[in-house]
Amino acid sequence: MATILIVDDEPSVRDLIRDTLELEDHDVLEAVDGPSALDALVGPDLPDCVVLDIMMPGISGLDVLTELRAKPVTKELPVILLTAMSDDATTWAGWSAGANVF
């Protein structure tokens with residue numbers, strides 16, 4: 001199956017997503033914030049997909065996504081934005097930044 005990076009600052013959310021994905025035989029990597037996500041997304045062993053929270057301290061998920069789309073190696077990496085924010089402005093910002101799924 002796929003290798004998926006979960007990026008969320010809430011341990012309980014990461015646990016829930018990890019458990020769900022592992023039940024489907026996916027390999028799961030975790031990052032607790034934007035900087036650790038960006039660190040995990042360098043090198044030859046990229047995950048197949050990223051599940052990315054928007055609201056995180058320091059570097060937001062939207063900023064992480066913008067950086068990913070600016071780099072040739074991660075420009076096409078599938079990114080799923082998973083967030084409690086559902087207002088139109090946030091949704092539009094996610095799509096505009098290059099999310100594959102919101």
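Predicted model: local features only at pLDDT ≥ 70, side-chain atom pairs only at ≥ 80, totals over all residues.

A search of the whole structure finds 4 salt bridges.

Start with Asp15. Arg18 forms a salt bridge with Asp15, and their closest N and O atoms are 3.0 Å apart. Both residues sit in helix α1, which covers residues 11-23, and they are 3 residues apart, about one turn of the helix. Asp15 is partly exposed, with a relative accessible area of 33%.

Now turn to Asp19. Arg18 forms a salt bridge with Asp19 too, with 3.5 Å between the closest N and O atoms. Asp19 has a relative accessibility of 40%, so it counts as partly exposed, since that class lies between the buried limit of 20% and the exposed limit of 50%.

The next partner is Glu30. In the salt bridge between Glu30 and Arg18, the closest N and O atoms are 2.8 Å apart. Glu30 belongs to strand β2 (residues 27-31) while Arg18 belongs to helix α1, so this pair ties together parts that are 12 residues apart in sequence. Glu30 is partly exposed as well, at 35% relative accessible area.

For a contrast, move along to strand β3, residues 49-52. Cys49 and Val51 point one way from this strand, Val50 and Leu52 point the other way, and all of them are buried. β3 pairs in the parallel sense with strand β1 (residues 3-7) over 4 bridges, and the partner of Ile6 in β3 is Val51. β3 also pairs with strand β4 (residues 79-81), again in the parallel sense, over 3 bridges; here the partner of Val51 in β4 is Ile80. Between β3 and β4 the chain crosses through helix α3 (residues 61-70), and this β-α-β crossover is right-handed.

Our last stop is Asp87, in the loop between β4 and α4 (88-97). Its side chain reaches the backbone nitrogen of Ala89 at 3.3 Å. The side chain of Asp87 also makes a polar contact with the side chain of Thr90, at 2.8 Å. With a relative accessible area of 37%, Asp87 is partly exposed.

Notes:
Residues numbered from 1 in each chain as written. Heavy atoms only, no water. Buried < 20%, exposed > 50% of the residue type's maximum accessible area, 1.4 Å probe, protein only. Helix = DSSP H or I, 4+ residues; strand = E, 2+ residues; numbered from the N terminus. Pairing = 2+ DSSP bridges. Right-handed = clockwise from strand over helix to strand, strands pointing away. Polar contact = N/O pair within 3.5 Å; in protein donor to acceptor, adjacent residues only side chain to side chain. Salt bridge = Lys/Arg side-chain N within 4 Å of Asp/Glu carboxyl O.
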